[in-house]
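Thanks for coming. Please look at the screen.

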Amino acid sequence: MIATVDINYKCWVYCIKFAAIHQHLFMKILFFSAKPYDIITFNQHNATYGFELEYLETHLGPHIVNAVDEGTYAVCVFVNDNLTGEVIDVLAAKGVKVIALRCAGFNNIDLAAAKKHGITVCRVPAYSPEAVAEHAVAMLLTLNRKTHKAYNRVREQNFSLNGLLGFNMHGKTVGVIATGRIGKAFCKIMLGFGCKVLAFDLYKDQELIAAGVDYISFEEVLQQADIISLHCPLTPESHHLINKETLGLMKHGATLINTSRGALIDTHAVIAALKTGRLAYLGIDVYEQEDRLFFKDLSGSIIEDDTIQRLMSFPNVLVTGHQAFFTEDALAQIAETTLNNIRQLSEGIAPDAAVVVKV
Ligand code: NAI
């Protein structure tokens with residue numbers, strides 16, 4: 001008798017757990033720009049959510065939006081998916097309720113169009129800001145100490161130091177444009193290197209001030225810094241923040257690092273500054289026209305973009321393909337937050353304010 005009650009109880013608990021996990025079984029999320037690492041991580045994390053996941057490798061844009069099935073609950077998109085008003089009109093007609101960004105930035109979404117159709121746009125406001133900050137530091141150190149050149153040189157038994165001369169980070173003045181989550185993590189690392197850290201942001205972070213960061217105007221940062229790192233979002237105000245005029249304010253021989261968004265810098269003006277030596281080093285993880293290039297293997301293709309080819313021809317320029325976020329820790333956090341955002345929205349629970357993107 002006792003054994004029967006125990007078995008019934010266990011069955012009941014199992015049924016509740018099964019129902020909790022599988023209540024989203026017929027709720028479909030369609031992924032765009034899905035890469036093998038996205039599929040592995042999202043499938044792992046979905047074990048506790050039970051959504052129906054479908055993955056497309058292509059980016060979302062007008063060319064493919066008609067492939068979205070009627071009744072798809074959410075589309076899950078990344079930095080280079082192009083959600084114009086036209087695309088969002090079609091998503092709305094298909095019954096899509098949520099646009100889930102598996103990234104922080106949302107400059108690629110027509111928010112007004114989403115609002116018009118009552119589609120909720122959610123994102124992952126923070127996923128290991130340290131991952132991005134640490135990549136900015138990796139770029140800085142690679143450019144400075146030329147470890148990429150040393151690696152190749154030593155493999156050819158060339159132990160000469162000619163051309164590998166760097167500079168001490170300690171004692172240099174570092175200018176940080178925007179001290180949100182990533183900029184703040186970057187400031188802390190730079191303070192640890194023994195740098196003087198100057199910052200510009202619309203808001204001052206008291207913890208950073210207490211740690212020794214000086215907030216001054218944008219122009220003053222450019223004028224005083226040896227190294228400048230960009231960490232602000234791309235908005236109409238920050239578009240081409242680094243241009244011919246603002247490059248003219250920088251020290252001769254400055255270093256510029258951009259891990260934020262490509263269109264923060266006017267690439268042609270930056271190329272001109274590299275030619276004159278105004279910029280001694282440039283490290284970019286993002287590029288204004290990156291949607292045609294990044295996240296793809298184009299090693300067998302002819303690249304028609306002459307601007308990126310010119311950039312890559314400089315010995316003092318380092319380009320990485322939007323990989324600053326790309327750590328195991330960040331991918332796990334992205335998958336967990338994205339699925340949880342969609343779960344909360346599907347159950348009528350309001351997610352954190354920072355998660356839902358409003359116009
Ligand atoms: P956040 O929202 O925590 O901080 C943004 C900061 O920028 C805020 O302090 C804000 O006051 C400031 N800000 C906004 N407009 C500004 C302006 N015009 N001038 C100066 N400051 C301004 O954002 P978080 O997490 O630090 O991310 C920053 C950016 O990094 C994202 O918008 C995204 O574009 C980029 N990013 C790049 C990644 C990569 O893999 N390369 C990964 C994740 C984010």
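Glu207 is partly exposed, because its relative accessibility is 44%. This is a predicted model, so please hear every value as computed. The partner of Glu207 is Lys188, and their side chains form a salt bridge with N and O 3.3 Å apart. Glu207 sits in helix 8 and Lys188 in helix 7, so this pair ties together parts 19 residues apart in sequence. Lys188 is also partly exposed, at 43% relative accessible area.

Now stay on helix 7 and go to Lys184. Lys184 has a salt bridge to Asp205, and here the closest N and O atoms are 3.0 Å apart. Asp205 is in the loop between strand 7 (196–200) and helix 8 (206–211), while Lys184 is in helix 7, 21 residues away. Are these two buried or exposed? Lys184 has a relative accessible area of 16%, so it counts as buried, the limit being under 20%. Asp205 has 17% and is therefore buried as well.

As a general point, side chains of opposite charge can pair when their charged atoms come close. In this model, Lys184, Lys188, Asp205 and Glu207 are linked in a network of salt bridges.

How many salt bridges are there by this rule? The count is nine. Another one joins Lys116 and Asp89, with an N to O distance of 3.6 Å. Lys116 belongs to helix 4 (residues 111–116) and Asp89 to helix 3 (residues 85–93), so the pair connects parts that are 27 residues apart in sequence. Lys116 is exposed, at 61% relative accessibility, whereas Asp89 is partly exposed, at 34%.

Last topic, and back to helix 7 for its packing. The axes of helix 5 (residues 129–145) and helix 7 (residues 181–192) come within 8 Å and cross at roughly 50 degrees. That angle makes helix 5 oblique to helix 7. The crossing is right-handed.

Which residues make the contact? From helix 5 they are Pro129, Glu130, Val132, Ala133, Glu134, Ala136, Val137 and Leu140. From helix 7 they are Arg181, Ile182, Ala185, Phe186, Ile189 and Met190. Sorted by type, the contact has 11 nonpolar residues, three charged and no polar.

To sum up, helix 7 contacts helix 5 through residues such as Ala185 and Phe186, and it also carries Lys184, paired with Asp205, and Lys188, paired with Glu207. That is all I have.

How values were computed. Residues are numbered from 1 along each chain as its sequence is written. This is a predicted model: local features need pLDDT of at least 70, side-chain atom pairs count only at pLDDT 80 or more; totals for chains, interfaces and linings use all residues. Side-chain values use heavy atoms; hydrogens and water are left out. Axes are lines fitted to C-alpha atoms, for helices over the stretch in contact, and angles run from 0 to 180 degrees between N-to-C directions. Helices (H or I, at least four residues) and strands (E, at least two) are DSSP runs, numbered from the N terminus. Angles under 35 degrees count as roughly parallel, over 145 as roughly antiparallel, 65 to 115 as roughly perpendicular and the rest as oblique. A crossing is left-handed if the near helix is turned anticlockwise from the far one by less than a right angle, and right-handed if clockwise. Contact means heavy atoms within 4.5 Å. Ala, Val, Leu, Ile, Met, Phe, Trp, Tyr, Cys and Pro count as nonpolar, Asp, Glu, Lys and Arg as charged, and the others, Gly among them, as polar. A salt bridge is a side-chain nitrogen of Lys or Arg within 4 Å of a carboxyl oxygen of Asp or Glu. Buried means under 20% relative accessible area, exposed over 50%, partly exposed in between (1.4 Å probe, protein chains only).
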